[in-house]
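Subject: Structure for you to look at

Hello,

Here is the structure I promised to hand over. Please open it first, then read my notes below.

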Amino acid sequence: MLITGATLAVLSIVYPVVNTIMLIVTVCVAAIALVTFLVMLFREPPGTRATSDGSQ
């Protein structure tokens, strides 16, 4: 029973930390995806700038 109690104590400490880390990672991934989408939107408008840029 001592091992189970220690495990529960460790889990009660680790679980909120893991939840917070997962939340931060999710927010970061969403922000990166949004920024990437906006950069692609602004860097490659149809027509004028895509041809004069030369990269693609």
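The expected span of a helix is 1.5 Å times one less than its number of residues. Keep that in mind for helix α1. This helix has 42 residues. From first C-alpha to last, α1 reaches 60 Å, close to the 62 Å expected at 1.5 Å a residue.

One caution: this is a predicted model.

Overall picture. The protein has two helices and zero strands. How many of its 56 residues count as buried? The share is 0%. Its accessible surface is about 5100 Å². Carbon and sulfur atoms account for 79% of that surface.

The kink. Helix α1 covers residues 2–43. Where does α1 bend? There is a kink of about 25° at valine 14. The kink comes shortly before proline 16.

The nonpolar patch. Valine 14 turns up again here. Together with Val10, Ile13, Val18 and Met22, Val14 makes a nonpolar surface patch of about 450 Å². An α-helix has 3.6 residues a turn, so residues three or four places apart point the same way.

Serine 12. What lies 2.7 Å from a polar atom of its side chain? That is the backbone oxygen of alanine 9.

Best wishes

Technical notes:
Residues numbered from 1 in each chain as written. Predicted model: local features only at pLDDT ≥ 70, side-chain atom pairs only at ≥ 80, totals over all residues. Heavy atoms only, no water. Helix = DSSP H or I, 4+ residues; strand = E, 2+ residues; numbered from the N terminus. Buried < 20%, exposed > 50% of the residue type's maximum accessible area, 1.4 Å probe, protein only. Areas by Shrake-Rupley, 256 points an atom, 1.4 Å probe, with all protein chains shown as cover. Patch = residues over 30% accessible without salt bridge, like charges linked within 9 Å, V, L, I, M, F, W, Y side chains within 5 Å. Salt bridge = Lys/Arg side-chain N within 4 Å of Asp/Glu carboxyl O. Polar contact = N/O pair within 3.5 Å; in protein donor to acceptor, adjacent residues only side chain to side chain. Bend = angle between axes of the 7 residues up to and from the residue.
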